Amino acid sequence: MTKWEQHVKTKSSGSIHEQLSSSHKLIVEKKRKYIKTLIEITLFLSKQGLAFRGHDESKLSSNKETCDLLAKNCPEFEEKYSNLTNFTSHLIQDELVNLSAESIRSKITKEIKCNKVFGIMIDEARCFKEEQMSVCVRYTVGLNVVERFLGFVDVSENQNANSLCAEIFEFLTENQLDKYHIVAQSYDGASVMSGKFNGVQSKVKNKFPYAIYTHCMAHRMNIVVIDMCKIVKESRIVFNTIESLYKHFSHPTKNKTLVIMQRKLGVKISKINSLSDTRWNCRWKNCESVVHNY
């Protein structure tokens, strides 16, 4: 009789195999939802330019506050997050970042595939003791022109035209863009990049004859601003004065006095930076700082 009752019960609740299968399916769905939440946190921190964990990998790391905050308000997330294996180590973090980047690059490749043509924009991106190239692409989506960042290329070993060109082609091959045509290229005015006969632009043209070279507009604007500041007497006096202010308040004691005065006057605290011939926007920032603080 007992066995018969159990048999009847299985018709409504399912067999043991079906129950185990349903339970396993539920566990898989919960774990997938948890990983999806971690991916969304990764994307949020990446978009905002916020640190993940910094140099502190301990349980008390303040850079894990995003997960802690979510755990307080989401019991389902807290259940998995409180486990010893919660997939928040720096190795998993790096893997999620790399997978997200790969997904974005794949989407960019698919968009370029529709057009068959694109342009490249490359500039120096020095990082501490490494010499890197920042690679961006420019193409159309429908009637809209878009610019997308693809990644950094380490070129610390050699920075001559042949090596740089080889690194560019290798990077495009890795991203499956070597089969499409480059119709435009834009770099700064350095001879190794813009050289008509032996520069990167000439070597790219050898492979892609229709790749028109354009001197980067931002760098051209930089040259105009620098020359104007040196030639026009009034502007030269202004920026020489700003540079003198920077040197004066670069001393810690004098800078501390300046900060105290700014707080007493209730003005927004802003600093003056050293002028740079390769970063024209620092002149604008310094002018803005002087207008608001002096």
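Entry on the model. I am working with a predicted model.

Entry on the length of α6.

Entry on the sides of α6. Which residues of α6 are buried? I found A161, L164, C165, I168, F169, F171 and L172. They cover an arc of only 160 degrees around the axis, so they sit on the same side of α6. I recalled that an α-helix has 3.6 residues a turn, so residues three or four places apart point the same way. On the other side of α6, I noted N162 and E174 as exposed.

Entry on the surroundings. The buried residues of α6 pack against β1, β2, β3, β4, α7 and α8.

Entry on the ends. At the N-terminal end, N160 caps α6, with a side-chain oxygen 3.2 Å from the backbone nitrogen of N162. After α6 comes Q176, and its phi is positive, near 60 degrees.

Entry on the cores. The largest nonpolar core has 30 residues, and those touching the most other members are I112, F118, I122, Y187, V200 and V204. I saw that α6 gives this core its largest share, 7 residues. I then looked up Y187: beyond its neighbours within four places in sequence, its contacts include I122, V200 and V204. There is also a second, separate core of 10 residues, with F52, F77, Y81 and L96 among them.

Note on methods
Residues numbered from 1 in each chain as written. Predicted model: local features only at pLDDT ≥ 70, side-chain atom pairs only at ≥ 80, totals over all residues. Heavy atoms only, no water. Buried < 20%, exposed > 50% of the residue type's maximum accessible area, 1.4 Å probe, protein only. Helix = DSSP H or I, 4+ residues; strand = E, 2+ residues; numbered from the N terminus. Arc of directions from axis to C-beta. Contact = heavy atoms within 4.5 Å. Polar contact = N/O pair within 3.5 Å; in protein donor to acceptor, adjacent residues only side chain to side chain. Core = buried A, V, L, I, M, F, W, Y, C linked by side-chain atoms within 4.5 Å.
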